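Open the model in your viewer and keep the selection tool at hand. The tour goes from one chain pair to the next, with a stop in between.

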There are 4 protein chains.
Amino acid sequence: MIPRYSRPEMTAIWDPATKFRIWYEIEAHACDAMAKLGVIPQENADAVWKAKDVEFDVARIDEIEAVTKHDVIAFLTHLAEIIGNDEARFVHQGMTSSDVLDTTLNVQLVRAADILIADMDRVLAALKERALEHKDTVRIGRSHGIHAEPTTMGLTFSRFYAEMDRGRTRLINAREEIATGAISGAVGTFANIDPAVEEHVCNEMGLKPEPISTQVIPRDRHAMFFATLGVIASSMENIATEIRHMQRTEVLEAEEFFSKGQKGSSAMPHKRNPVLTENLTGLARLVRMSVVPAMENVTLWHERDISHSSVERAIGPDTTVTLDFALNRLAGVIEKLVIYPENMLANMNKFRGLVMSQRVLLALTQAGVSREDSYKLVQRNAMKVWEQGADFQTELLADDDVRAALSEEEIREKFDLGYHTKHVETIFARVFG
Amino acid sequence: MIPRYSRPEMTAIWDPATKFRIWYEIEAHACDAMAKLGVIPQENADAVWKAKDVEFDVARIDEIEAVTKHDVIAFLTHLAEIIGNDEARFVHQGMTSSDVLDTTLNVQLVRAADILIADMDRVLAALKERALEHKDTVRIGRSHGIHAEPTTMGLTFSRFYAEMDRGRTRLINAREEIATGAISGAVGTFANIDPAVEEHVCNEMGLKPEPISTQVIPRDRHAMFFATLGVIASSMENIATEIRHMQRTEVLEAEEFFSKGQKGSSAMPHKRNPVLTENLTGLARLVRMSVVPAMENVTLWHERDISHSSVERAIGPDTTVTLDFALNRLAGVIEKLVIYPENMLANMNKFRGLVMSQRVLLALTQAGVSREDSYKLVQRNAMKVWEQGADFQTELLADDDVRAALSEEEIREKFDLGYHTKHVETIFARVFG
Amino acid sequence: MIPRYSRPEMTAIWDPATKFRIWYEIEAHACDAMAKLGVIPQENADAVWKAKDVEFDVARIDEIEAVTKHDVIAFLTHLAEIIGNDEARFVHQGMTSSDVLDTTLNVQLVRAADILIADMDRVLAALKERALEHKDTVRIGRSHGIHAEPTTMGLTFSRFYAEMDRGRTRLINAREEIATGAISGAVGTFANIDPAVEEHVCNEMGLKPEPISTQVIPRDRHAMFFATLGVIASSMENIATEIRHMQRTEVLEAEEFFSKGQKGSSAMPHKRNPVLTENLTGLARLVRMSVVPAMENVTLWHERDISHSSVERAIGPDTTVTLDFALNRLAGVIEKLVIYPENMLANMNKFRGLVMSQRVLLALTQAGVSREDSYKLVQRNAMKVWEQGADFQTELLADDDVRAALSEEEIREKFDLGYHTKHVETIFARVFG
Amino acid sequence: MIPRYSRPEMTAIWDPATKFRIWYEIEAHACDAMAKLGVIPQENADAVWKAKDVEFDVARIDEIEAVTKHDVIAFLTHLAEIIGNDEARFVHQGMTSSDVLDTTLNVQLVRAADILIADMDRVLAALKERALEHKDTVRIGRSHGIHAEPTTMGLTFSRFYAEMDRGRTRLINAREEIATGAISGAVGTFANIDPAVEEHVCNEMGLKPEPISTQVIPRDRHAMFFATLGVIASSMENIATEIRHMQRTEVLEAEEFFSKGQKGSSAMPHKRNPVLTENLTGLARLVRMSVVPAMENVTLWHERDISHSSVERAIGPDTTVTLDFALNRLAGVIEKLVIYPENMLANMNKFRGLVMSQRVLLALTQAGVSREDSYKLVQRNAMKVWEQGADFQTELLADDDVRAALSEEEIREKFDLGYHTKHVETIFARVFG
């Protein structure tokens with residue numbers, strides 16, 4: 001977790017204080033359920049809630065842990081210091097540390113997912129707005145980095161919208177994947193704790209009971225969660241890369257927003273670097289790197305081993321914090337992206353009219369010219385554009401053989417941009433409904 | 001794709017012949033739609049279906065490709081050889097190669113997913129059967145590879161069932177992810193082809209139209225698909241590792257099935273190696289290794305670049321073929337796994353009764369003995385078991401201080417295995433409904 | 001291994017026939033050593049060499065394996081069919097299958113490495129030639145895709161040369177890593193075979209004896225080998241990406257070579273796609289994806305498990321074949337890359353002279369103008385270039401405040417490209433010696 | 001970087017204070033070189049050293065950066081505050097931020113490598129000591145987790161020694177890889193700074209000049225560095241896994257050291273969990289996950305983009321800190337590992353004498369019994385051991401058919417452990433020289 005790539009709302013989820021608060025709630029709810037079952041006295045369950053508004057002393061807990069070498073015991077000891085040793089004596093009864101730790105991790109991941117979903121909403125809103133704004137802003141579509149046929153900037157934003165919207169759906173599924181809790185005791189048999197406790201705690205914590213756990217919640221859920229973040233990060237990289245391409249000096253169809261006062265941009269006005277989207281490219285790698293270890297974590301020996309734990313201590317916070325930061329940075333970039341429609345047109349016309357050559361070829365064929373002859377006709381005029389900088393339409397109009405097959409009007413019509421944008425509305429309807 | 005780790009049904013999906021068949025169907029359905037729209041003559045559309053029952057000559061297509069250097073053109077040329085040049089002249093009109101290639105890839109991935117879902121069903125059926133069979137087969141639960149508390153073999157199978165069932169759900173989602181097709185032309189604008197063609201083709205091929213494509217279908221879909229296979233492979237590794245552990249000489253709670261005649265097993269009857277599950281461990285790595293490249297494939301330059309293609313030529317077949325083979329091997333291993341319940345009991349009792357020490361500790365506390373004293377009482381008897389091989393229950397019964405707190409019956413009750421298995425039914429109901 | 005991305009010299013290494021030939025040589029050399037030690041009769045060792053020029057019948061070996069379910073036994077049975085049962089009875093004595101299999105794998109990897117080193121030599125030769133050719137071909141250096149200061153195309157080639165040369169050194173180290181063999185018996189204790197046999201066999205096969213093996217050769221060696229290929233593939237992607245950038249329509253500083261007859265390039269002369277370097281980008285991912293599984297292979301249980309085997313059956317051939325193909329493709333691209341020096345100049349001058357603004361700023365400061373004033377002077381002239389398309393030098397010369405600080409000669413000197421290329425020779429001397 | 005998995009010596013390298021100190025030294029040495037070249041006045045170079053013993057005020061620098069949005073400028077501003085604005089005016093002349101940042105990163109990585117090499121030395125010393133201690137401690141060798149033939153614990157330690165020693169050599173190479181610096185200006189052309197400055201700075205900082213850089217030092221170096229750490233982490237996991245296996249309840253051939261007072265171990269004396277080695281297994285994944293992003297970082301656009309930076313901000317500290325911690329933890333585990341030779345013998349004899357069956361089979365064959373008959377003889381006695389718990393040697397001695405071929409002495413000799421350990425000395429000589 002790198003401070004400069006962090007937002008406080010997300011880092012707060014991973015604060016020790018938050019963790020202890022969740023531990024506390026789990027223990028308190030478990031006591032409630034046990035009291036209701038008659039397993040422990042009601043007054044002991046009630047007593048636990050005395051700490052409801054207490055801010056736990058993280059330093060004190062650390063101090064105890066330095067002695068006990070066990071974080072959950074340290075916390076329970078501190079809790080007993082607050083509510084009284086006697087009152088606390090049934091807290092955690094029949095539970096294992098993993099019951100608390102694993103349920104807590106999932107609460108944290110669910111909360112993280114909720115923030116990330118909100119982040120996605122911001123990205124989606126920005127993409128939609130810019131898509132509508134530039135629905136008809138024509139620019140050249142490119143395959144292999146080479147001019148192909150016209151498209152619109154709105155379509156570009158729309159496809160990113162559709163991609164991120166799929167990401168949002170996946171994120172909701174991923175949230176569902178890890179929204180389970182387990183209070184099932186030593187090896188998951190409920191030998192020392194009634195399943196009703198698990199049900200109550202999960203219900204209170206916004207989780208579903210894990211249908212079958214061992215000492216731990218199965219890690220395929222977490223693997224799927226991190227894999228999903230990896231896919232979203234990859235989509236983010238896709239958008240970032242498009243912007244980086246658009247901003248390069250020779251293209252200059254868009255620029256990341258530069259505030260007036262931003263240093264160094266005026267003496268070299270061309271030197272506005274797409275540093276935010278380059279940064280997003282790197283952050284995507286950081287998010288993605290958690291996927292494989294999360295998958296390696298799935299295999300645990302028998303009813304549990306602790307190999308997954310150190311991995312999760314790192315990738316739990318790091319990956320969610322990084323993606324949260326990155327999605328917000330991405331949203332900001334999109335919201336404020338400076339678009340240069342005139343440059344788009346200029347670029348499209350770099351080889352004057354040549355991007356229409358395929359349409360002309362097709363028209364000639366349809367007008368009865370043989371495929372071979374059509375090709376030669378197009379070719380000889382295309383080469384004049386390519387080699388001498390001529391204008392394609394002008395050359396075609398002046399070519400008698402072409403004119404024998406196509407009227408002036410027919411030729412001119414081939415250069416109508418509307419031909420390429422006629423289904424933009426249809427596609428927008430598909431994407432935005 | 002390694003022949004020894006392949007099954008014919010899956011490899012058939014990736015045969016050149018299958019690929020050309022799908023290409024053909026896409027082109028033929030597209031002609032139908034275009035004829036219906038009045039874009040091409042109905043007789044030309046009809047003519048394409050003359051090749052319906054023709055087996056395409058792969059060698060001939062390769063021969064043409066050697067000249068044209070373009071696989072789709074080579075195919076179309078060959079198709080024209082079959083149905084006639086004139087009849088074929090509207091085939092592929094307004095389409096790009098990517099329309100055919102990308103839609104075909106998704107058809108193949110959907111079919112692969114269908115096989116994989118069936119594979120999962122076989123694994124699930126095996127797990128369920130073995131779970132029911134060994135619902136009450138007690139064995140020791142282990143955390144960190146160390147004996148913890150009793151559980152049952154049925155619970156082990158059940159949790160693998162639940163995990164694989166989640167995998168099955170994910171696989172269905174993954175299938176959904178890639179069940180789209182695109183017939184949207186050069187840069188995805190439908191400039192040269194009506195969206196109705198796409199709808200018709202997709203409908204016929206069992207796909208949904210990609211709401212917005214560029215020249216290609218967006219690769220986040222494929223990334224999610226391969227990520228899902230990676231998670232399933234990791235779950236498979238989880239099961240395989242459990243079996244490898246169970247089979248080791250000192251544990252011997254289960255063995256992969258050895259046919260009577262299998263060489264070498266009799267002179268060294270202990271030397272039955274869990275080679276199938278070890279193999280599954282390796283195959284899981286092979287499936288998983290496609291996840292990162294599939295994610296790297298998401299970022300394409302502008303409306304498309306071809307960098308994803310070589311990756312997919314490899315991981316498309318390799319990953320699905322490997323996982324298909326592996327899931328079937330896994331199912332076979334589970335179906336025929338030889339279980340040794342008596343060894344499970346023997347292992348559990350290695351330290352005679354010691355796994356019950358925590359229950360005794362709890363009982364003493366509940367009987368009013370202080371935590372410290374309870375601990376000492378348990379400890380002094382536990383050490384006799386550990387150091388001298390004594391029987392824990394016997395020692396407790398003979399310990400006056402223990403007896404002062406607990407009756408013989410109470411002590412004996414603590415060694416009742418039923419205590420640990422009392423919720424097996426509940427858990428089974430959760431898992432199997 | 002995808003046929004279209006394969007070269008025969010490399011695939012031959014992984015042919016079953018090659019594998020059996022290596023197995024044979026290992027067994028024959030082992031017999032020689034055992035005979036010399038007096039462990040087996042000399043005539044039996046001699047008899048093995050009767051098969052020296054025999055081509056083994058792969059189909060027959062497969063047939064036997066179908067019965068024995070063991071590849072090495074199948075081979076030995078076939079060998080006995082050739083040299084006689086009695087003569088063959090000491091072959092493989094005291095050895096395990098792994099002795100043969102692991103030593104063979106390393107022989108194959110060493111041979112693969114030798115081809116890859118030769119591939120690197122071809123790439124290096126091409127880079128050096130093009131570097132020298134374009135040592136003084138000026139083009140704009142770019143940071144963040146934005147024009148920065150001038151550099152030369154020769155420097156670009158030179159740095160790729162230096163990077164690939166480091167890759168070559170790493171490859172030689174990687175070859176060294178896996179150039180070991182082991183003939184150490186069941187668990188590597190030499191209980192049934194003398195270490196002298198291992199020494200002799202390794203010596204004959206061009207390997208060093210593995211100082212300490214278990215039943216297998218330790219897999220950290222292979223992990224390092226594949227990691228090294230992954231780094232080289234990444235360098236390859238680096239070069240490929242540069243070329244893809246150079247070829248894009250708006251930049252057009254270079255193009256992959258297109259043969260005259262190559263279809264489709266004339267009617268749309270701008271539509272020459274950098275498909276080879278895009279392909280290399282994808283192939284780099286395929287090479288890189290073997291790195292993590294190779295690292296996961298390092299951990300084997302006790303003296304061996306077979307989990308690594310399936311992974312190596314895939315990545316052994318696939319990764320070396322893919323990288324071999326890719327490096328040769330890369331060499332071809334570099335050798336024939338079409339460079340457009342005039343476009344380089346045109347691009348550099350897109351914003352007429354503006355790339356020199358930093359030098360002017362520095363000159364003003366050095367001439368005694370305050371930092372703030374210097375900045376304002378540069379800025380007001382720069383903005384005319386940026387906004388009105390003026391020429392920077394012309395504007396500066398006409399700016400009285402600038403002229404008060406700098407003479408015409410001084411201003412003109414700031415636009416001298418030689419300033420930027422004055423150390424090219426020094427750098428070339430560093431790189432090429 | 002997770003505090004509980006960190007050691008102060010390594011984290012100190014990544015402290016902002018350390019970073020600024022290195023920046024300072026680079027700038028100061030650069031001034032020295034420039035003064036010597038006559039580019040800047042000697043007194044200005046001398047003035048910079050006034051800050052030699054000053055501890056930079058990190059908070060103040062952060063404060064300035066909040067305004068300038070540029071870390072290097074913020075630092076230079078702070079430096080000017082210390083040594084005087086006028087004195088500082090030539091600092092950084094002709095350099096780019098990357099010159100400072102990239103050279104600094106490599107200084108940090110070199111220092112990190114030095115610590116890691118020392119860590120490896122500690123691991124190696126521990127492995128050697130334990131290898132010598134248990135050179136002759138016999139235990140069963142296992143393939144596939146199944147008993148195979150006897151080996152010694154010393155051989156196990158020796159092979160880990162040899163593996164880690166290879167790792168150490170690789171680490172030295174990796175250190176060499178990143179021990180370069182660059183002071184080459186904007187796009188690496190030395191246009192504004194003499195190569196002699198780079199040479200001087202590198203020399204002072206313990207680096208070699210990067211032969212050819214762009215604005216940045218090429219990232220293949222860093223990829224190789226992190227790949228190497230990934231291989232070492234994998235070897236660490238290999239050792240950790242062996243110990244986890246040895247400690248499991250049914251095997252119990254070794255245990256991680258437990259201090260007397262360590263909680264919970266006495267009431268359940270068998271419940272000593274190999275938590276340290278499980279933790280190392282997870283930490284290995286964390287180290288390994290940096291490999292792919294480091295490789296993805298190799299491809300930068302043209303003369304540089306900043307995508308690598310965020311990745312390195314994370315994996316630079318995280319990976320080196322984690323591996324440093326892990327290697328020390330590993331060393332501690334090995335140094336204090338509790339070995340149970342008697343359990344090793346007991347395990348080996350689980351199937352009384354059966355591990356010798358292959359030797360008996362060979363002896364019968366060599367004594368002239370046919371292969372088939374030998375097999376039957378061994379088999380019928382082996383099955384008595386397997387099924388009835390008989391002692392293999394006793395059964396063989398009592399089998400008349402066996403005795404017809406082998407004398408009592410010959411049979412007994414087959415059970416001599418010395419047969420399996422006779423080459424231990426040879427192997428030790430190979431490993432330890």
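How many salt bridges does the rule find across the interface of chain A and chain B? The rule finds 14, a salt bridge being a side-chain nitrogen of Lys or Arg within 4 Å of a carboxyl oxygen of Asp or Glu.

Before going on, note that this is a predicted model, in which local features need pLDDT of at least 70 and side-chain atom pairs count only at pLDDT 80 or more, while totals for chains, interfaces and linings use all residues. Residues are numbered from 1 along each chain as its sequence is written, chains are lettered from A and ligands numbered from 1 in the order in which they are written, and side-chain values use heavy atoms, with hydrogens and water left out.

**Chains A and B**

Select A:Arg166 and B:Asp220: their side chains form a salt bridge, N to O 2.8 Å. Next, color helix α9 of chain A, residues 220–247, which gives 15 residues to the side touching chain B, the most of any element there. Helices here are DSSP runs of H or I with at least four residues, and strands are runs of E with at least two, numbered from the N terminus.

Now show the whole interface. In it, 82 residues of chain A are in contact (heavy atoms within 4.5 Å) with 81 residues of chain B. The two chains bury about 6,700 Å² between them, with 58% of it on carbon and sulfur atoms. Buried area is the accessible area (1.4 Å probe) that two parts lose on being put together, summed over both.

**A:His423**

Select A:His423, in the loop between α19 (418–421) and α20 (424–432) of chain A. Is this residue buried or exposed? A:His423 counts as buried because its relative accessibility is 13%; buried means under 20% relative accessible area, exposed over 50% and partly exposed in between (1.4 Å probe, protein chains only). Leaving out residues up to four places away in sequence, A:His423 touches B:Thr189, B:Phe190, B:Asp194 and B:Pro195.

**Chains B and C**

Move to chain B and chain C, where 34 residues of chain B are in contact with 34 of chain C. The buried area here is about 3,000 Å², and carbon and sulfur atoms give 56% of it. In chain B, select B:Arg285, B:Met289 and B:Trp301, which lose the most area to chain C, together 22% of what that side buries.

There are 6 salt bridges between chain B and chain C. To see one of them, select C:Arg288 and B:Glu296, whose closest N and O atoms are 3.2 Å apart.
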